[in-house]
Every structure is written in C-alpha cells, then in structure tokens.
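Biologist: I would like a close look at one kind of side-chain contact here, taken slowly and with the cut-offs spelled out.

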Amino acid sequence: MGSYRRPHELPEALELLAQGSWQVMAGGTDVFPARAHRMAWGNPNDADWLDITAIPELRGITREGDGWRIGAATSWAALRDAALPPGFDAVREAARQVGGRQVQARGTIGGNLCNASPAADGVPPLLVLDAEVELASARGRRRLKLGEFILGNRRTARAADELLVALHVPAARAEARSVFLKLGARSHLVISIAMVAADAEGRVAVGACSEVARLWDGTPLTPMDDVRGSALYRHAAAAELVARAQARLAA
C-alpha cells in the first residue's frame, strides 16, 4: 500500500490532489473489493490513498436556496433515514437496497457515482431529480448535470485534480412523488439486472441496462448483454419495471 492521508479540511484535500495522483476513498465499499481482486491476480496497484471521511463539508443533507444539497460523502444510511420531500422517495428506496446495513452505513452516494458502474443504484433516482454534481479543485468549482458527469462504464468527467463534493437537486423536482424498483437474483445484496426510477410528473430513468443509466424518452430500449442477463431479458424486465413503477405512482 502506498501513502495514506486523511485531511480534515477541503482545501488541504484539493491541494494534495493538485500535487499528485491519489486514489480517493470514502466508504471503501467499492475500491477495496476491487483492490482485493487485483491482488488476487498479482496486480495490487499500490496507490496513494486520500481518505475524505474527516471533511465536514462533504457530509450531510441541507436545504439551500432554491434546492437541496447532499454532501458527496453522505452515507446510504443517512439518505435512507432522512426526512425528505417525496421526490427523494426513490433515492431512499435505493438506499435501502444497496447491500446490507453495514454497506449502507459505510458506502457513500458520491462513491457510488464516481465508481460509475452501469448498475449504480443511485443514478436513476438522481436523474429523475435532475441532479447536478459539484466538482472542486484548487482551480475552482464547477457543476455538471449528472447525465454529463457519468460518461460510460467506470468513466466520469472528473479530472484527476478534482473532487466530487456535493449533489444539488432543484426544489421543484423534490416535490413530485417518486419510486425505485430493482430486479436482481434476489431482493437485497445483489447487483441489479435492471432498475427503474420514476416520478409522478412522468420522468422515468432506466439503469443497469446499458453502460450509463438514462432518462427514458419512450423510444425502444436497446439493452446490453452480460453475465447477469441477456439483452432480450433486460428489455422485457425494464418494460415490466416501468409499468409497475407507473402503476404504483398512479395508485
């Protein structure tokens, strides 16, 4: 293992990122299993580790101005248990199904997005909420729509010297009821085969069916094939989940 730093202030973390190459770590529920896999194959990738869990600015859920702010290091458990408007119901349902309670206590919403798995459970609910990501570096800050941030399988628009610090959700999007449905080999502790988030205003996002979750515009889906399911199966599963989500919202 390489160097390890755990700064308590955001400027210190950004300065470290500006000076060298660091593996950012929050909950570690994605990066450590991936490292264990590499070690098993003789490629440990002894990176320098930047632990951001001691930075207060990166945690918590607050109402600010014309929307809501979620710190990138906010845990799934905090999202699961927070008293939030109905637009966040889909996020809270996803949080209840991300691994077991230990993973929910340690894993973070920002880590889920930066890991950029096609099956990242946080992405469809946040797409429905029209969420933006806030990136910070020693050079300044910028915001991107979530759909512009995740570029593909394990690929994001984050530069090497940038840190995902927060998510921002417009207040208007937070008021429409929302739901999240996930299909896997079992109900919990499983990677999604297909998942859907939808709200009462008609917005639908489909995940785990392509490299990047997308808002669905009603055009035919073209899902991917992989070890968890064929394209044909995913097409049928996603259509069924969309129908069930819309039925729940109508009821």
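Which side chain meets that of Glu12 in a salt bridge?

Modeller: This is a predicted model, in which local features need pLDDT of at least 70 and side-chain atom pairs count only at pLDDT 80 or more, while totals for chains, interfaces and linings use all residues. Residues are numbered from 1 along each chain as its sequence is written, and side-chain values use heavy atoms, with hydrogens and water left out. The side chain of Glu12 meets that of Arg5 in a salt bridge, at 3.4 Å from N to O, where the term stands for a side-chain nitrogen of Lys or Arg within 4 Å of a carboxyl oxygen of Asp or Glu. Glu12 is partly exposed, with a relative accessible area of 35%, and Arg5 is likewise partly exposed, at 36%; buried means under 20% relative accessible area, exposed over 50%, and partly exposed in between, with a 1.4 Å probe and protein chains only.

The structure holds 16 salt bridges, and another of them pairs Asp226 with Arg234, at 3.0 Å from N to O. Here Asp226 is partly exposed at 29% relative accessibility, whereas Arg234 is buried, with a relative accessible area of 0%. Elsewhere, salt bridges that share partners join Asp130, Glu132, Arg143 and Lys145 into one network. Within it, Lys145 forms a salt bridge with Glu132, their closest N and O atoms being 4.0 Å apart. Lys145 lies in strand 7 (residues 140-145) and Glu132 in strand 6 (residues 132-137), so this pair ties together parts that are 13 residues apart in sequence; strands are DSSP runs of E, at least two residues, numbered from the N terminus.

Definitions and conventions: Helices (H or I, at least four residues) and strands (E, at least two) are DSSP runs, numbered from the N terminus.
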